[in-house]
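Please keep the sequence and the model in view while reading.

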Amino acid sequence: MAQVKPNTTIREYQQFVQDVYGLSNSRYFSLQDMLVNIERFVTRGMKGIRKRDDQKTKLNLMIALSWFMSMQNQLHIDIEDEVFNRFPYVCSYCALCPCACKAQKVQERRFITVDQEKRPKTLEEFQKMFNAIYPASSRTLDHAGVHLAEEMGEIAEAVLIYRGGHGDRDFENVMLECADFVSCLMGVFNSLGINLAKELSVEFSENCHVCKKAPCQCNFNTIMQFKS
């Protein structure tokens with residue numbers, strides 16, 4: 001049985017998504033389709049923020065994350081590596097923890113040295129890292145949600161450019177935007193005060209969260225008509 005454990009790593013969760021959803025994704029969904037589904041559930045999560053419905057926000061952003069991991073698998077991106085290389089326990093722009101971009105009015109991205117000894121091991125530790133860099137107390141949930149929506153648009157733009165040109169530099173930009181997406185999604189969960197790894201372990205405690213099978217046996221219509 002495939003399951004997510006509370007002490008899962010990002011890499012283990014990515015592999016879980018491959019084990020459970022890889023076959024159906026290969027059958028039914030292109031890269032563009034996956035991008036649409038990430039957007040689909042991120043925007044539902046934004047609706048939850050607007051309505052102050054934390055459960056709706058939580059569920060939809062977890063499903064968005066599973067689609068996001070499916071996209072990482074299709075592109076063969078090790079997102080755990082990309083996230084820490086982008087955010088090695090410091091802000092990716094001002095290179096400080098906590099972030100001081102606003103206070104110092106940082107205008108240019110600073111050089112960052114990656115210290116692997118500071119690398120978090122579990123998804124929960126990564127979430128704590130992002131709260132140290134971008135404290136939830138320094139912004140509202142609405143602000144965190146807008147930032148996530150903004151990053152969703154930047155991923156979409158990066159993917160479209162890459163699909164048009166298929167250049168290596170374009171692909172590198174996709175990876176950077178994907179790391180930023182994880183940062184923003186963690187920011188929303190920190191603002192909600194919700195442990196993402198724990199909630200994933202409940203939602204995905206037994207294979208697919210809908211059909212309860214691995215690999216997932218949901219048909220295309222079931223997937224596209226899923227209500228959340």
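## Helix packing and loop backbone

The axes of helix α4 (residues 79-86) and helix α6 (residues 123-133) come within 12 Å and cross at roughly 25°, where axes are lines fitted to C-alpha atoms, for helices over the stretch in contact, and angles run from 0 to 180 degrees between N-to-C directions. Helices are DSSP runs (H or I, at least four residues), numbered from the N terminus. The two helices α4 and α6 are therefore roughly parallel, a term for angles under 35 degrees. The model is a predicted one, in which local features need pLDDT of at least 70 and side-chain atom pairs count only at pLDDT 80 or more, while totals for chains, interfaces and linings use all residues. Residues are numbered from 1 along each chain as its sequence is written, and side-chain values use heavy atoms, with hydrogens and water left out.

Glu80, Val83 and Phe84 of α4 are in contact with Phe126, Met129 and Phe130 of α6, contact meaning heavy atoms within 4.5 Å.

In α6, Leu123, Phe126, Gln127, Met129, Phe130 and Ile133 are buried (under 20% relative accessible area, with a 1.4 Å probe and protein chains only). The elements covering these buried residues include α1 (10-28), α4, α8 (168-192) and α9 (196-203).

| Peptide bond | Omega |
|---|---|
| cysteine 97 to proline 98 | near 0° |
| alanine 214 to proline 215 | about 0° |

Proline 98 is found in the loop between α4 and α5 (101-104), and proline 215 in the loop between α9 and α10 (220-224).

Technical notes:
Angles under 35 degrees count as roughly parallel, over 145 as roughly antiparallel, 65 to 115 as roughly perpendicular and the rest as oblique. Buried means under 20% relative accessible area, exposed over 50%, partly exposed in between (1.4 Å probe, protein chains only).
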